[in-house]
Amino acid sequence: MMHIADLPDTIAVFPLPRAILLPRARLPLHIFEPRYLQMFEDALKTPQRLIGMIQPCAGFGGAEALQAIGCAGRVTQFSETEDGRYMVTLSGLSRFRILGEVTGFSPYRRCDVSWSGFDRDLGTAAETDAEFDRDDFLALLERFFVAQGLSTDWDSLKEAEDELLINSLSMLLEFEPEDKQALLEAPCLATRRRTLVTLIEFSLRGGADEDILQ
């Protein structure tokens, strides 16, 4: 188990809209751009092997503003293709808050970060949600999957631990970047589950003008 004192003050960040990572979850990445190939190879040379996943701010692109909070993942698996691309798995370690971007000659972006306030993320035990009604949630999820034309292994979903189920769906389901950010920033699993339910219900209603995350 890592402690905050073990984590670096500066990390490489990988900005991707609609892509979030959560603690104790896994995110597969396909890395092929030269700057991110360099980022990956540099990360492997460090003791922690960390890459910070972060979303660009809505309305910006390229090397513009980043969201304040992201999540760092440890490279736990990778394979190289014949043409030099990497298939990488990041295991979510802890969320972080950006303090400032590091200027320099690196081809990829690096940020000074704070891990303070995310102590719960570093625990090895999965979070639980005492108010989670799994039957009602899975019934709602089935309606959503039918409406979206999605398929899944329902037996695996029924057997998954609360945290794995909620966090995996939060990462995988297609929502707007600001909604994905709300899921990432949720302070606990129960809040994330309630946010996820709200987003699913909003989608099933066909959308509305009100701010659903208030």
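Strands β3 (50–54) and β4 (69–80) pair in the antiparallel sense over 4 bridges; two strands count as paired if DSSP finds at least two bridges between them. The model is predicted, so local features need pLDDT of at least 70, side-chain atom pairs count only at pLDDT 80 or more, and totals for chains, interfaces and linings use all residues. Residues are numbered from 1 along each chain as its sequence is written, and side-chain values use heavy atoms, with hydrogens and water left out. Helices (H or I, at least four residues) and strands (E, at least two) are DSSP runs, numbered from the N terminus.

**Strand pairing**

Helix α1 spans residues 34–44, and its buried residues are Tyr36, Leu37, Met39, Phe40 and Ala43. These residues lie on the same side of α1, because they cover an arc of only 160° around the axis; the arc is that of the directions from the helix axis to the C-beta atoms. Buried means under 20% relative accessible area, exposed over 50%, and partly exposed in between (1.4 Å probe, protein chains only). The cover over the buried residues of α1 includes β1 (10–15), β2 (26–31), β3, β4 and β5 (86–102).

Alanine 19 lies in the loop between β1 and β2 and counts as buried, at 16% relative accessibility. Apart from its neighbours within four places in sequence, alanine 19 is in contact (heavy atoms within 4.5 Å) with Met53 and Gln55. Alanine 19 and glutamine 55 are 36 residues apart in sequence, yet their C-alpha atoms are 6.8 Å apart in space.

**Salt bridges**

Side chains of opposite charge can pair when their charged atoms come close. A salt bridge is a side-chain nitrogen of Lys or Arg within 4 Å of a carboxyl oxygen of Asp or Glu. The whole structure contains 11 salt bridges, and the table gives some of them.

| Salt bridge | N to O distance |
|---|---|
| Aspartate 83 and arginine 85 | 2.9 Å |
| Arginine 95 and aspartate 121 | 2.9 Å |
| Arginine 194 and glutamate 131 | 4.0 Å |

In the salt bridge of arginine 95 and aspartate 121, the pair links distant parts of the chain, 26 residues apart: arginine 95 is in strand β5, and aspartate 121 is in the loop between β6 (109–114) and α2 (134–148). Arginine 95 is buried, with a relative accessible area of 5%, and aspartate 121 is buried at 4% relative accessibility.

The salt bridge of arginine 194 and glutamate 131 likewise links distant parts of the chain, 63 residues apart, with arginine 194 in helix α6 (residues 189–204) and glutamate 131 in the loop between β6 and α2. Arginine 194 is partly exposed at 40% relative accessibility, whereas glutamate 131 is exposed at 62%.

As for the remaining pair in the table, aspartate 83 is exposed, with a relative accessible area of 54%, and arginine 85 is partly exposed, with 27%.

On a 1 Å grid over the protein atoms alone, a cavity is a set of points where a 1.4 Å probe fits but cannot get out; a pocket is an open set with protein on both sides within 12 Å along at least five of seven lines, and lining residues have an atom within 4 Å of a point. Grid points are joined across faces, edges and corners, and a volume is the space filled by probe spheres set on the points.

The structure holds 2 cavities of 30 Å³ or more, and the largest cavity has about 50 Å³ of space. Its lining includes Arg95 and Asp121, along with Glu163, Asn167, Leu189 and Arg192. Helices α4 (162–172) and α6 each supply at least two residues of this lining.

In α4, the buried residues are Glu163, Leu165, Ile166, Asn167, Leu169, Ser170 and Met171. They pack against β2, α2, α3 (154–159), α5 (177–185) and α6.

The second largest pocket has about 280 Å³ of space. Of its 16 lining residues, Phe145, Thr152, Leu169, Leu172 and Leu173 are the closest to its centre. Helix α4 gives the most to this lining, with 5 residues.
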